[in-house]
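Hi,

Here is the structure I promised to send over.

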Amino acid sequence: MQLRRAILWLRYFKPTDGSSMSKMEWVTVEGETAQEEAVTVDHSLEKTIEGMSVALSFEPGIEAEKELTMKFTLTEGDTKEPISDLEPYLGSIGHVVVLSEDGERYLHVHALENQGSGPEALFETEFPESGIYKVWAQFKRNDGKVVTVPYVVEVP
């Protein structure tokens with residue numbers, strides 16, 4: 001068996017009398033090394049997953065080292081009717097994580113407070129440097145189903 005590297009991150013936590021944080025470290029595991037696949041930047045930031053269309057945009061625009069808002073607009077995939085039945089997931093309108101292409105930078109993105117139940121979901125973040133990033137957004141509908149929507153973006 002060959003050894004390969006895998007990422008392990010501990011969930012978001014807050015130490016007593018400390019600031020909130022996410023902890024990440026590399027671990028070595030046994031097993032066959034998987035064939036690496038190139039990460040390809042998405043040409044369209046609108047995805048349809050399990051009947052739900054989710055369009056991602058950045059306000060004021062995507063740029064490294066600048067605070068920005070990630071805006072997810074959710075509609076029914078077939079009718080494009082706005083979705084307004086989101087339920088809180090992990091304490092907010094949704095959950096978003098971002099990982100750099102090389103796996104060295106992990107961003108736990110926070111939702112703005114008091115957003116209701118859709119059709120828009122707003123999250124604030126800052127990309128630490130230019131590069132390619134993988135974004136995963138998760139939303140929970142009133143049927144209890146959690147939908148995960150993946151994106152790959154390039155940050156100038």
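Below is what I found, going from the whole chain down to single residues.

A word on the basis: this is a predicted model, so local features need pLDDT of at least 70 and side-chain atom pairs count only at pLDDT 80 or more, while totals for chains, interfaces and linings use all residues. Residues are numbered from 1 along each chain as its sequence is written, and side-chain values use heavy atoms, with hydrogens and water left out.

**The whole chain**

The protein chain has 0 helices and 11 strands; helices (H or I, at least four residues) and strands (E, at least two) are DSSP runs, numbered from the N terminus. Of its 156 residues, 31% count as buried, where buried means under 20% relative accessible area, exposed over 50% and partly exposed in between (1.4 Å probe, protein chains only). The chain exposes about 9600 Å², and carbon and sulfur atoms supply 47% of that; these areas come from the Shrake-Rupley method with a 1.4 Å probe, and for residues only the protein chains shown count as cover. Among contacts (heavy atoms within 4.5 Å) with a separation of 6 or more, 57% are between residues 24 or more positions apart.

**The core and its rings**

In soluble globular proteins, nonpolar side chains tend to be buried together. The largest nonpolar core here has 29 residues, and Met70, Phe72, Leu74, Val96, Phe123, Phe127 and Phe139 touch the most other members. By nonpolar core I mean a set of buried Ala, Val, Leu, Ile, Met, Phe, Trp, Tyr and Cys residues joined through side-chain atoms within 4.5 Å. Two or more residues each come from E4, E5, strand E7 (95-100), E8, E9, E10 and E11, and E11 gives the most, with 5 residues. Leu74 has contacts with Met52, Ser53, Val54, Pro82, Ile83, Leu86, Pro119, Ala121 and Phe139, leaving aside neighbours within four places in sequence.

How many aromatic pairs does a search of the whole structure find? There are 6. Rings of Phe, Tyr and Trp (its six-membered ring) pair if their centres lie within 6.5 Å; planes under 30 degrees apart count as stacked, over 60 as edge-to-face and the rest as tilted. Phe72 and Tyr151 have ring centres 6.1 Å apart and planes at 50°, so they are a tilted pair. Phe72 lies in strand E5 (residues 67-76) and Tyr151 in strand E11 (residues 146-155), so this pair ties together parts 79 residues apart in sequence. Both Phe72 and Tyr151 are buried. For Phe123 and Phe139 the centres are 6.5 Å apart and the planes at 70°, so that pair is edge-to-face. Phe123 and Phe139 are both buried too, and ring pairs link Phe72, Phe123, Phe139 and Tyr151 into a cluster.

Strand E3 (residues 46-49) and strand E4 (residues 52-59) pair in the antiparallel sense over 4 bridges; pairing needs at least two DSSP bridges between the strands. E3 and E4 form a hairpin with 2 residues between them, and Glu50 in the turn has a positive phi of about 50°. Glu46 stands opposite Ala55 in E4. Ser53, also in strand E4, is buried, with a relative accessible area of 0%. Its side chain makes a polar contact with the side chain of Thr48 at 2.8 Å. A polar contact is a pair of N or O atoms within 3.5 Å; within protein, one must be able to donate a hydrogen and the other to accept it, and residues adjacent in sequence count only if both atoms are side-chain atoms.

**Loops to look at**

Gln115 is in the loop between strand E8 (106-111) and strand E9 (120-126), and its side chain reaches the backbone nitrogen of Leu122 at 2.7 Å. Pro119 has its place in the loop between E8 and E9, and a cis peptide bond joins Gly118 and Pro119, with omega about 5°. Another cis peptide bond joins Glu59 and Pro60, with omega about 10°.

Two non-glycine residues have a positive phi: Lys80, near 65°, and Leu90, about 55°. Lys80 counts as partly exposed at 42% relative accessibility, whereas Leu90 is exposed at 51%.

Cheers
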